[in-house]
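Below is a short report on strand pairing. Look at the model first, then read on.

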Amino acid sequence: MKHKMKYHLLATLLISSLMMGKNRPNILFVFTDDHAPHAIGAYNGWLKPVNPTPNIDQLASQGMLFEKSFCTNSICGPSRAVIMSGKHSHKNGFMNNGNSFDWNQQIFPKLLQKVGYQTAIYGKSHLKGKPQGFNDWAVLPGQGLYYNPDMIFADGRKRIDGYCTDVVTDLAVEWLTEKREKDKPFMLMVQHKAPHRNWMPALRHLNLYDDIEIPEPATLFDKWEDNAPPARHQELEIDRHMDLNYDLFVDLTPEYNQPASQKRQDRSAWHNMKRMSEEQLTTWRAAYGPKDEAFHKANLKGKELVRWKFQRYAKNYLRCVKGVDESIGRLRETLKELKIDDNTVVIYSSDQGFYIGDHGWYDKRWMYEESLMMPFIVKWPGVTKPGSRDRHLVQNLDYAETFLEMAGAKVPEDMQGASLVPLLKGEKPKDWRRSIYYHYYEYPSVHMIPRHYGIRTNRHKLMHFYQFGEEWELYDLKTDPDELHNLYGQKEHAKITAQLKKQLLKLQKHYQDDSDISEKPVAWQKQVRPGE
Ligand code: SGN
Ligand code: CA
């Protein structure tokens, strides 16, 4: 009896101290734009030899890395809307970048505030409108600029001099050290523009990797022979679509204002160049001038030109990643200085994956692995086992519920993911999902990837491109991890195809995806490859 009372007293004390905000962890969520897992050392991809991310790798060695982490819709705004709402795109209403997010809906930061958390967001939001649910915020307008960006604060728009990744980190460090209320737990979201197109590194990184060759992806010269037609009608090839001036800054100066070779491209490269100060431009020209000169001299053609473009692209992309990696180092140092490192969950993620020459491409959008995957690394002191790796199928759909459970808040019934807290504790729930659902909607649009939906299990992937008749793809990820052999329609795979189709329908019912898929463009919107 005595024991029981003691237990009761302890439990009451624990609950009340939890409610007071003690013991509940702070959450630092560092989120970037277009950072593919294979450009993180700890993910052991083909870029590992470059050692691109020592600070993120250290985070992984101290926490848990999710090897099978995926998005629901591989594009920026939609991925962020899924994270905010814990609901698929068709439920939160933000299906493609052209939409505006309804900030009045239920989102996790508002629910965290209700249980006593302080919330702040700095950097790229891409959801349009004034953020709700945050005690403090400053967001980049639209895609934001790499140099001397404008930022929108609650009290208006201001230009801040400096390199965007550093500017955003400064704001976060300032909030942590000076602005937050120290007696409340917090959720701080630090959302970088980097390494988004057009890839502009910090001045201190312009010559990084000059002396090395970046390894090439095995599929750099993929001809998409076995895919359904959409893979041959895209506009994201390094060869045909990546522009020497616009994307790679060859000979590019602010005065050089010729239109980009692709009609639909916006003008971000020019805007970014024009924004730089004379001093910044001098350093920029000093770094790229000699590289451009060597390029002109070499007079490359065909495959050699593609190889050169790939090197320039991959280096600039990884230089941008370097800035992000340094930001993580700085943020973690700040947590240590403030002595809150032990009670702060640190998370690293990015809105989707990316092609870094894989399949000959850049950009994302497809349901193929490189852009379906998202990095997801969590260090939760006292909870995650250092250096552990989880292999359950997880999605950005799960983040909101995870944050809420971490904070001891109630998870609303209508959220569609699952809290990852059990996985973070190292548990292996028997009833964990066996497949994930995906749906991409933005077509016609830049890069011309048609709408598609699909299912991915541990072993297989089935995709349906529904705008141009019945186009399907089926891959066995165990025997064909690069997704080069479309098995759809082959007799020996009819059984698995039927099973997957059934499961796919089940998922669509489960998530209540009733989005209109009847709209059918009459023809491919742009180029048709010769011979088709
Ligand atoms: C811009 C980019 C595209 C990119 C979209 C969406 N062009 O339009 O390459 O696919 O954003 O990216 S750029 O010339 O402006 O860089 S997203 O990450 O925001 O969804
Ligand atoms: Ca993105």
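In which order do the 4 strands of the open sheet lie, and is the pairing parallel or antiparallel? The order is E13-E14-E15-E16, and the pairing is antiparallel.

This is a predicted model: local features need pLDDT of at least 70, side-chain atom pairs count only at pLDDT 80 or more, and totals for chains, interfaces and linings use all residues. Residues are numbered from 1 along each chain as its sequence is written, chains are lettered from A and ligands numbered from 1 in the order in which they are written, and side-chain values use heavy atoms, without hydrogens and water.

Strand E13 (435-440) and strand E16 (471-476) are the edge strands, each pairing on one side only. From one strand to the next, the twist averages 10°. Strands are DSSP runs of E, at least two residues, and helices are runs of H or I, at least four, numbered from the N terminus. Two strands pair if DSSP finds at least two bridges between them.

Helix H13 (residues 494-510) lies across E13, E14, E15 and E16. H13 runs at about 110° to E14. Axes are lines fitted to C-alpha atoms, for helices over the stretch in contact (heavy atoms within 4.5 Å). Angles run from 0 to 180 degrees between N-to-C directions.

| Strand | Partner strand | Bridges |
|---|---|---|
| E14 (residues 452-457) | E15 (residues 460-465) | 5 bridges |
| E5 (residues 136-139) | E6 (residues 150-153) | 2 bridges |
| E6 | E7 (residues 156-159) | 4 bridges |

Arg456 has Lys461 in E15 as its bridge partner. Ala138 is bridged to Phe153 in E6. Met151 is bridged to Lys158 in E7. E6 and E7 form a hairpin, with 2 residues between them.
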